[in-house]
Amino acid sequence: MDNYRRAVEAALEKLLPPPPKGDPAAVVAEAMRYSLLAGGKRVRPVLTLAFCQLCGGSWRDAMPLACAVEMVHTYSLIHDDLPCMDDDDLRRGRPTCHKVYGEAMALLAGDGLLTLAFDTALCFYDPARGAGAARTLARLAGYRGMVGGQCVDLSTQGKAADLSLLQTMDQGKTVALIEAACRMGCMAASADREALSAASRYAQGVGMAFQIRDDLLDVLGDAHKLGKNTGMDAARDKTNYVSLLGLEAAQQQVDAYTQQAVEALEAFEGDSRFLREFALSLAGREA
Ligand code: GRG
């Protein structure tokens, strides 16, 4: 885990170096770096690297695809924190991008990261595989994936939502990008269809568990450890798994989805111990 994370940090720094003096895009580049290099758990890029390794590739080869997913994720966090969305002032343990650079620049920093993500994915050493992976990322991050989930989220604010609507929202907002991360790792290793669909099943389990654990941490978590404010769903009158099911049943759902992810790994011949442990550790995460 530490190896993967360290390598991701180094690769991101290289892909988005400090702007040279006099660069007309210096402010937006600094705002992009401010959010991208602020830490974060790097869950999505680690999944890309680990799936590449599991499918018989060398994880280092998947690095551009891993970085592309993290760039899309960071753009979504910057935009999600804007006053027109969730209006948050703390992210990754720092003031949010718009608090430091202003709303217009934060919007552009998100746009800059989203487009840099595709530039990066398309620089994969095998152009056909790079294009295929970029398409997967576009589809799952787009209006039928993460963007669509965010629309459902906005529409539920202040209104009652049932379990089925919550699932639709979380499939888009959270699972879709995690699925992109897992599938892109398989694609980097030229894995077959069976592997891709098992990676999607793993992502469904881990993604739903990750989101429900996030709902639990919003109630039980420590804002300092999380690097973001807690109690936000209740303050915004948003329905989530905890408000619908209660704490205990919500954690049971986390464990059930995690088990589903672990079972999906049986389809792979390679050594899946890392991805198994990763899923289990996310189910009990504190941050
Ligand atoms: C603005 C298009 C657009 C989408 C926003 C990602 C997102 C959709 C909203 C952020 C809020 C949220 C709770 C999303 C669900 C996914 C999630 C739990 C994101 C936080 O991811 P972590 O915990 O964050 O991996 P770090 O900072 O560790 O990378």
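Tutor: Here is a walk through the pocket, then the salt bridges.
A word on ground rules: this is a predicted model, where local features need pLDDT of at least 70, side-chain atom pairs count only at pLDDT 80 or more, and totals for chains, interfaces and linings use all residues. Residues are numbered from 1 along each chain as its sequence is written, and side-chain values use heavy atoms, with hydrogens and water left out.

The largest pocket holds about 1,100 Å³ of space. Of its 48 lining residues, Leu77, Asp80, Arg91, Asp214 and Lys228 sit closest to the centre. (On a 1 Å grid over the protein atoms alone, a pocket is an open set of points where a 1.4 Å probe fits, with protein on both sides within 12 Å along at least five of seven lines; lining residues have an atom within 4 Å of a point.) Elements giving two or more residues to the lining include helix H4 (63-81), strand S1 (90-91), helix H8 (146-156) and helix H10 (193-220). Helices here are DSSP runs of H or I with at least four residues, and strands are E runs of at least two. By type, the lining splits into 17 nonpolar, 11 polar and 20 charged residues; Asp, Glu, Lys and Arg count as charged, Ala, Val, Leu, Ile, Met, Phe, Trp, Tyr, Cys and Pro as nonpolar, and the others, Gly among them, as polar.

Now for the charges. The whole structure has 17 salt bridges, each a side-chain nitrogen of Lys or Arg within 4 Å of a carboxyl oxygen of Asp or Glu. One of them pairs Asp214 with Lys228 at 3.4 Å, N to O. Asp214 is in helix H10 and Lys228 in the loop between H11 and H12, so this bridge links parts of the chain 14 residues apart. Lys228 is partly exposed, at 23% relative accessible area; buried means under 20%, exposed over 50%, and partly exposed in between (1.4 Å probe, protein chains only).

Another bridge joins Asp153 and Lys238 at 2.9 Å, N to O. Asp153 belongs to helix H8 and Lys238 to the loop between H12 and helix H13 (241-245), 85 residues apart. Asp153 is buried, with a relative accessible area of 1%, and Lys238 is buried too, at 9%. Both belong to one network of salt bridges with shared partners, made up of Asp86, Asp88, Asp153, Lys173, Arg236 and Lys238.

Notes: Grid points are joined across faces, edges and corners, and a volume is the space filled by probe spheres set on the points.
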